Amino acid sequence: MISFLELYENSSLFSMILNVLMKLITAAITYGVGVKLIKFLRKCLRKILERHNAEKGVITFLDSAANIVLYVILAFTILEMFGFDTASLLAVIASASVAIGLALQGAFSNMAGGVLILLQKPFQVGDYIVAHGAGLEGTVDDIQIFYTHLHTAENKIVVIPNGILSDNSITNVTKGENRRVDVNVSIAYDADLKKAKEVLLKMLEDDEATLKEEPMLVVVSELADSGVNLIVRCWVKGDDYWPSLWHITENTKLTLDENHISIPFPQMDVHMISTSDEMILGQDGKKHRKKNKAGNDGEM
C-alpha cells in the first residue's frame, strides 16, 4: 500500500490526483451555481413576458426553449473545465448533423410544430380542441416546445406531439363565444307536424340558457323510413353548451310526450305467403300445385 509520504514524493501522480479533485470540486460548484442562475434567468424571463401580457402558451414555450439552451451552455462550460475541446466537439456534431438530424427528426418536427402553433395561434391555453390527427380532444393545459398537454373530460392528462397538431386538422370548439346546439328528433308520420314545430319552438324560447338574439329553428331535415326527422336548433354561451345540450334533449322528449306527439321506433312490415297456394310450372307445360307442409300435391 502506498503511504502518504510516497504519494507526496511521486509528485506527478499527486499532482494528477489533486488536479482531478480540484476539477471535480470546481465542476460541482459550477453546476450548483449554474442551476440556480438558470432558475433565476427563467424567472426573470417569465416576469418580463407577463409584464408585456404575453399569452400563457408563449411564456411556456419560450421558458422551455430557454431552459434547454441554458443547460446546453452549462454542459459545455463544465466540459471545458475537464479539458475537452468544445470547438472540436461542435465541429464533430456539425459534421454528424445529417445523422443527428435523421435521429432527431421527430424532435425537430415537434419543435417546428410548436413554433407554428405559437405563431399561427390555432388554439391557446384554456381552449377546448379536437385533434383529429390524434383522435383526441380536451382542454389545452400547456403548450411546450415539443408537446402540448390536453386535459380530457375524463380528467386525464394527454400529451400530444406538436408535430401531429401542426400537420393535421384541428377543431377549436371554444374559439367563438357562442355555440350552436342541435338536437335531432323524429316524429311519426301521422303526428301533427305543425303542432310539433310550434311546441318545440316555444320550448326553446322559454329556456333560460338559449340566446334570444340568435335564431331558433325547428325544421324538417329528412322524411325517413320510420318517421319525419326534425332538427331543434338554438344558440347558447360556450360555457353552457354541454348542460344545455343535455337538458334541451331531455325537454324535447318531455314536450312531445306532453302534447301526445309520438316518437316512432324502427319497424318492418312482413307479409307471409302460404306455401299451399304456390304454383310451379312442370315439364309438361301444366301448372302444378307445390307440395304443402302436409305432403299433398295437386294439379291444375
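Predicted model: local features only at pLDDT ≥ 70, side-chain atom pairs only at ≥ 80, totals over all residues.
Reader: How are residues numbered, and what limits apply to the model?

Author: Residues are numbered from 1 along each chain as its sequence is written. Local features need pLDDT of at least 70, side-chain atom pairs count only at pLDDT 80 or more, totals for chains, interfaces and linings use all residues, and side-chain values use heavy atoms, without hydrogens and water.

Reader: At what angle do helix 8 and helix 9 pack?

Author: Helices (H or I, at least four residues) and strands (E, at least two) are DSSP runs, numbered from the N terminus. Axes are lines fitted to C-alpha atoms, for helices over the stretch in contact, and angles run from 0 to 180 degrees between N-to-C directions. Helix 8 (residues 193-206) and helix 9 (residues 241-258) pack at about 140°, with axes 10 Å apart. Angles under 35 degrees count as roughly parallel, over 145 as roughly antiparallel, 65 to 115 as roughly perpendicular and the rest as oblique; helix 8 and helix 9 are therefore oblique to each other.

Reader: Which residues make the contact?

Author: Contact means heavy atoms within 4.5 Å. Helix 8 contributes Ala 196, Val 199, Leu 200, Met 203 and Leu 204, and helix 9 contributes Ile 248, Asn 251, Thr 252, Thr 255 and Leu 256.

Reader: What is the strand order in the open sheet?

Author: Two strands pair if DSSP finds at least two bridges between them. The five strands run 4-3-2-1-5, with antiparallel pairing. Strand 4 (157-161) and strand 5 (170-172) are the edges, each pairing on one side only. Strand 1 (residues 128-131) pairs with strand 5 over three bridges, and Ala 131 stands opposite Ile 170 in strand 5.
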